[in-house]
Amino acid sequence: MKQDVLKHFDIQWLPLTGLIIFVACFSAYIYWTFKKSNKKMYDQASHIPLEEAHRASSLQKGHNV
Amino acid sequence: MSSPNANVPSANRRLETFTYDDQIVKWFVIATVIWGAIALLLGVTVAFQLADWRLNLGLPWTTFGRLRPLHTNAAIFAFCGNAIFAGIYYSHQRLLKARLFNDILSKVHFWGWQLVIVLAAITLPLGLSTGKEYAELEWPIDILITLIWVVFAVNFFGTIIRRRERHIYVAIWFYIATIITVAVLHIVNSMELPVTLTKSYSLYSGVQDALVQWWYGHNAVAFFLTTPFLGLMYYFVPKAANRPVYSYRLSIIHFWSLVFIYIWAGPHHLLYTTLPEWSQTLGMVFSVALWMPSWGGMINGLMTLRGVWNKVRTEPGLRFMATSLTFYGMSTFEGPLLSIKSVNSIAHFTDWIPGHVHAGTIGWNYMLIAGILFYLVPKLWNAELYSKRLANIQFWFATIGLVFYIVSMWIAGITQSLMWRAMDDAGRLLYPNFIETVIKIVPMYWVRAIGGTLVLTSFILMIINLYRTAKRGKPSEEAVFEAYALDDSSLEADSSTHRKLEGWPMIFSVLSLIAILVGSAIEIVPSLMSDKYITKVSAIKPYSPLELYGRDIYVREGCYLCHSQTVRPIPHEVLRYGKPSDASEFVYDHPFQWGSKRTGPDLARVGKKYPHMWHYKHFYDPREVTAGSIMPTYKWLFNQKIDYSTLPAKIAVMQKLGVPYSAEEIQTSVEKAKAQATEIAAELVQSGVPEKIVEMEVVALIAYMQRLGVDYTSMPAEEVASEE
């Protein structure tokens with residue numbers, strides 16, 4: 001009786017679909033991420049925290065948004 | 001000049017000026033240190049209470065069962081929550097080169113969150129609890145949390161829409177995953193039906209409730225204590241080290257694999273329970289798989305410090321960050337290890353688990369928060385750090401305190417587990433009295449409490465340091481910044497699909513949602529359908545009105561924090577407690593009360609094991625019947641009267657939840673409860689107890705205790721066979 005849920009659970013496609021989605025997405029991420037042509041972009045992206053916006057000159061303060 | 005977006009020429013682009021809302025960050029920083037000190041003080045209090053029961057003070061609102069949920073909620077949602085918001089609001093604005101979407105929303109977010117914390121601080125000591133770990137707050141507060149979270153989400157995503165940086169940096173991905181997943185977790189796990197303003201019952205029961213709860217519990221750790229902190233790590237470690245993250249590509253893989261895998265791993269909290277075997281195995285496999293992304297993140301963080309290790313020695317902020325990453329690596333190694341079934345059979349229900357949890361919350365969360373605060377406070381208050389020396393003393397207090405904590409809990413957990421399972425050659429338990437295994441590890445509870453005190457001391461030192469730093473700050477004008485507007489001219493040519501995806505935050509959010517829902521669906525759909533498959537055994541009856549009332553007292557006093565109610569199919573547990581638990585036993589349990597720790601013995605088979613008088617004495621003073629017990633006294637149960645007037649409403653709600661109470665049972669619930677109370681009291685009075693006991697809460701609790709496991713264990717063998 002303890003294994004009732006497992007024994008009677010008849011939606012076998014659910015875990016299978018989950019696994020396929022997981023493997024497919026993960027493979028796609030690996031491919032996109034390690035694609036040679038993307039290296040430069042990701043290198044630039046890694047610098048975003050270090051490239052803060054610069055302080056504005058006093059003349060531009062009126063355009064604050 | 002502001003950084004141009006990747007691959008986009010800056011010519012002909014519109015330059016805009018803007019300011020950052022750092023006031024809200026300051027507020028969240030202040031809230032972080034205040035609530036952090038309170039959370040740690042509560043932690044130290046409950047640690048000492050476990051070492052010496054007298055420190056429970058004999059008062060309802062100072063007893064372990066009520067203070068422990070307050071400690072966990074304060075540590076997770078008040079301390080870590082405020083730190084997350086401070087860090088996110090600071091980094092989000094800078095990573096997007098935009099002021100927060102709406103100042104009023106920011107203020108509503110801040111004060112709303114503090115209101116949630118204050119309400120928790122009031123209701124939990126009063127015993128107003130749902131009885132689900134880390135989700136104890138009652139339904140009106142749950143609704144308030146949802147509203148405040150929506151305010152946070154609107155403010156967060158609104159800022160993304162107004163951004164001036166095309167690329168959504170990886171830290172923000174982690175924030176997005178946090179916001180979406182926490183919302184899903186909170187809403188699904190908090191589904192409950194109210195009885196009154198301060199009482200509700202979980203929509204789920206038994207196995208179903210356990211699965212949903214630990215899907216929530218596990219992922220509350222993942223998406224409240226891990227993903228937002230990883231996002232903060234990906235911003236603040238590069239900033240403090242003044243170096244870009246070691247591998248941005250690794251951070252992307254880290255993100256997607258963590259989001260996909262973490263959500264699948266919840267069932268490892270319920271190994272050897274009545275949870276379906278396949279679900280337990282799934283949880284175990286994915287927990288082990290978590291090693292990879294977790295260590296990927298740790299390596300990425302630590303390698304970001306390459307070339308600046310000398311600064312780790314001299315800069316307190318970096319030192320705390322490096323240490324937090326090391327503890328992150330350690331606890332994410334230990335977590336999967338504990339999810340392996342054979343290891344879990346040793347560690348589960350023991351002190352090894354709180355040891356593991358605190359390696360994460362103190363080693364990873366507190367240390368990273370300290371690192372972030374040492375970075376933020378000097379910047380926000382425009383001052384030099386008051387004392388590096390004080391920060392170093394704080395570091396050693398925290399580290400040594402944590403080592404005391406972890407090592408003592410390893411020793412206590414493994415010792416007790418080995419004692420539980422020790423058998424002689426004839427197959428009899430060597431330590432049949434549970435209390436023998438408790439007395440043995442009490443010295444380790446003292447070591448843990450001392451370790452906690454050191455951590456608390458370190459935190460106080462940090463508060464002094466940060467306060468002095470802020471006090472010496474020089475007032476400065478609000479800075480105005482400039483950056484290019486994000487319009488069509490900033491679009492990148494020749495960008496890859498994933499690159500484009502990274503610039504579409506809403507689609508990205510939907511994909512993150514799908515990622516977590518895929519994992520959740522595999523776990524939760526079978527569980528939500530489980531009532532269809534779990535046969536309702538005719539011998540298992542709903543609780544009587546008085547037993548139900550007693551069960552509510554059990555939940556109110558937080559008994560589930562020290563006692564489990566599930567016997568695992570492991571030889572020594574069957575020898576000690578009796579028949580292994582079965583899914584059908586719990587179909588009427590809203591909420592389930594399996595627990596996660598055995599500071600005291602399992603209670604699944606305690607019904608009819610002892611006479612009423614034994615329980616009476618036990619609740620009055622546990623040492624009267626169990627010498628050496630560390631359980632608090634519950635003397636107020638002997639003075640507080642049963643409020644029978646609430647019973648019809650409670651049973652009517654249970655009926656709505658599917659428990660087969662008839663209309664007649666609802667109508668007669670008060671008379672039936674009084675009749676059962678009279679029956680129990682009569683036996684007690686015969687032993688010399690005053691007659692007025694019939695009106696008191698202890699009688700209801702005894703009624704509940706005497707019912708536990710009785711239906712299932714007394715079921716005729718032929719009925720068991722036919723059901724199977």
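Colleague: Buried means under 20% relative accessible area, exposed over 50% and partly exposed in between (1.4 Å probe, protein chains only). What percentage of the 65 residues in chain A is buried?

Modeller: This is a predicted model, where local features need pLDDT of at least 70 and side-chain atom pairs count only at pLDDT 80 or more, while totals for chains, interfaces and linings use all residues. Residues are numbered from 1 along each chain as its sequence is written, chains are lettered from A and ligands numbered from 1 in the order in which they are written, and side-chain values use heavy atoms, leaving out hydrogens and water. For chain A, the buried share is 31%.

Colleague: How many residues are in the hairpin that joins β2(B) to β3(B)?

Modeller: Strand β2 (residues 192–196) and strand β3 (residues 199–202) of chain B are antiparallel partners over 4 bridges. Within the pair, B:Pro194 stands opposite B:Ser200. The hairpin joins the two strands through 2 residues.

Colleague: B:Thr159 looks interesting. How far apart in space are B:Thr159 and B:Leu100, C-alpha to C-alpha?

Modeller: B:Thr159 sits in helix α4 of chain B, residues 139–161, and is buried, with a relative accessible area of 0%. Its contacts (heavy atoms within 4.5 Å), not counting residues up to four places away in sequence, include B:His92, B:Phe101 and B:Leu100. In sequence, B:Thr159 and B:Leu100 are 59 residues apart, but in space the C-alpha distance is 5.3 Å.

Colleague: And B:Ser324: which residues does it contact, leaving aside neighbours within four places in sequence?

Modeller: B:Ser324 belongs to helix α12 of chain B, residues 316–339. It is buried, and its relative accessible area is 0%. With those neighbours set aside, the contacts of B:Ser324 are B:Gly363, B:Trp364, B:Met367 and B:Leu368.

Colleague: Which helix gives the largest share of the lining of the largest pocket?

Modeller: A pocket is an open set of points on a 1 Å grid over the protein atoms alone, with protein on both sides within 12 Å along at least five of seven lines; a 1.4 Å probe fits but cannot get out of a cavity, and lining residues have an atom within 4 Å of a point. Of the 41 lining residues here, those closest to the centre are B:His563, B:Gly600, B:Pro601, B:Trp614 and B:His618. Among the helices of chain B that each supply at least two lining residues are α1 (23–51), α16 (434–471) and α22 (612–620). The largest share, 4 residues, comes from α22(B).

Notes:
Two strands pair if DSSP finds at least two bridges between them.
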